[in-house]
Amino acid sequence: MFANLKPLPTDPILGLMAKYKQDDNPNKIDLGVGVYKNEQGDTPVLDAVKKAEAFRLENERSKAYIGLAGDLGFCSKMESLLLGEHKALLANRVRTAQTPGGTGALRVAAEFIAKANPNATIWVTTPTWANHISLFQAAGLNVKEYPYYDYENKGLLFDEMLAALKTVAPGDVVLLHACCHNPSGMDLNADQWQQVAECAKEVGFTPLIDIAYQGFGTSLEQDAAGLRAMADAVDEMIICSSCSKNFGLYRERIGACSIISESANVADVANSVLLSVVRSIYSMPPAHGAAIVDTILGSEELTSLWHQELAEMRDRINGLRSLVVDALAAQGVEQDFSFIQRQHGMFSFLGINKEQIEQLQKDYSIYIVGSSRVNVAGVSQTNIDYFANAVASVIK
């Protein structure tokens with residue numbers, strides 16, 4: 001049986017990781033992998049996380065399964081973090097399942113959609129996170145794209161986006177990035193979110209909000225504002241959230257899939273289907289990451305510390321965006337890179353071509369994915385001049 005298998009291509013980002021690790025250039029820079037890095041190039045464990053883990057070590061009393069929905073305290077606190085005191089929560093219309101990371105949340109959502117409407121098409125932004133399409137197709141869903149990023153002008157194709165969404169069939173699903181769009185860094189503003197929310201209500205499509213970077217853009221509240229505006233407008237929606245970035249819990253694989261229904265009774269039915277999906281994929285989620293988040297959000301002291309550390313990560317990223325723009329200008333680069341400062345989160349497209357990307361890797365050991373998407377957090381005060389000089393050299 002195995003002899004009939006054909007090798008599949010390596011994921012481009014994972015392949016880039018392998019090349020970077022093998023490179024012995026002391027000046028090498030990894031701008032491909034989507035994880036936060038500090039000035040030393042490390043992805044540190046937050047102090048709030050360390051304190052929560054110490055508490056868990058002393059107080060955990062069992063290693064028994066935690067149930068299909070996972071840690072219920074975690075689920076409840078995630079709902080509040082995402083929705084605040086939204087009317088959907090007050091009306092008991094929200095149900096949440098803990099998942100193995102944001103990727104797990106998306107796969108659970110995909111299987112849930114397939115059960116709710118097997119004929120549904122799911123619409124994603126052009127471009128979108130590289131794994132979105134394969135996740136949805138693995139669940140048997142048809143995937144189509146709608147206009148989003150303007151590569152030429154480094155902005156949004158909002159009019160084209162809205163026009164496309166108005167043609168979506170009722171019952172289809174539209175994926176929207178809540179904040180810090182991956183891979184472009186371009187987000188909808190408040191007015192644009194309102195227009196999309198009104199479109200969802202009029203057309204009758206189901207929004208699927210992917211929120212993997214809450215707190216990395218402007219603030220915890222502001223980064224969830226579009227999500228909440230959508231929840232104001234529609235009776236049903238799906239939210240896939242991740243704690244990898246804002247809590248720094250990448251390897252703990254902790255996320256959540258939340259379903260908002262039109263009533264508490266419908267929410268109970270939807271929840272039974274959601275948990276059936278969970279049972280058929282991984283049965284029970286792991287406990288550790290959820291317990292950490294539950295402990296942090298359940299403590300005023302640890303929540304305050306987490307807010308402080310999250311703000312430091314966000315401010316560092318925003319500062320690096322300005323640093324990149326200024327450093328390139330200082331190298332005499334005529335190409336306008338000011339768009340980088342108008343974006344949010346870790347990612348941005350440099351807008352350079354394939355040959356220039358290959359030259360950066362070959363001559364300077366600077367690793368960027370083929371689309372020219374860079375992880376801004378991979379830049380630092382110590383390597384910015386090297387980076388800017390290299391980019392200037394390949395584009396002049």
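Colleague: In strand E7, which residues point one way and which the other?
Modeller: This is a predicted model, where local features need pLDDT of at least 70, side-chain atom pairs count only at pLDDT 80 or more, and totals for chains, interfaces and linings use all residues. Residues are numbered from 1 along each chain as its sequence is written, and side-chain values use heavy atoms, with hydrogens and water left out. Strands here are DSSP runs of E, at least two residues, and helices are runs of H or I, at least four, numbered from the N terminus. Val174 and Leu176 point one way from E7, and the other way point Val173, Leu175 and His177.

Colleague: How many residues of E7 are buried?
Modeller: Buried means under 20% relative accessible area, exposed over 50%, and partly exposed in between (1.4 Å probe, protein chains only). E7 covers residues 173-177 and is largely enclosed by the rest of the structure, because the buried count is five of the five.

Colleague: Is Phe2 buried or exposed?
Modeller: Phe2 lies in the segment before helix H1 (12-22). Its relative accessibility is 64%, so Phe2 counts as exposed.
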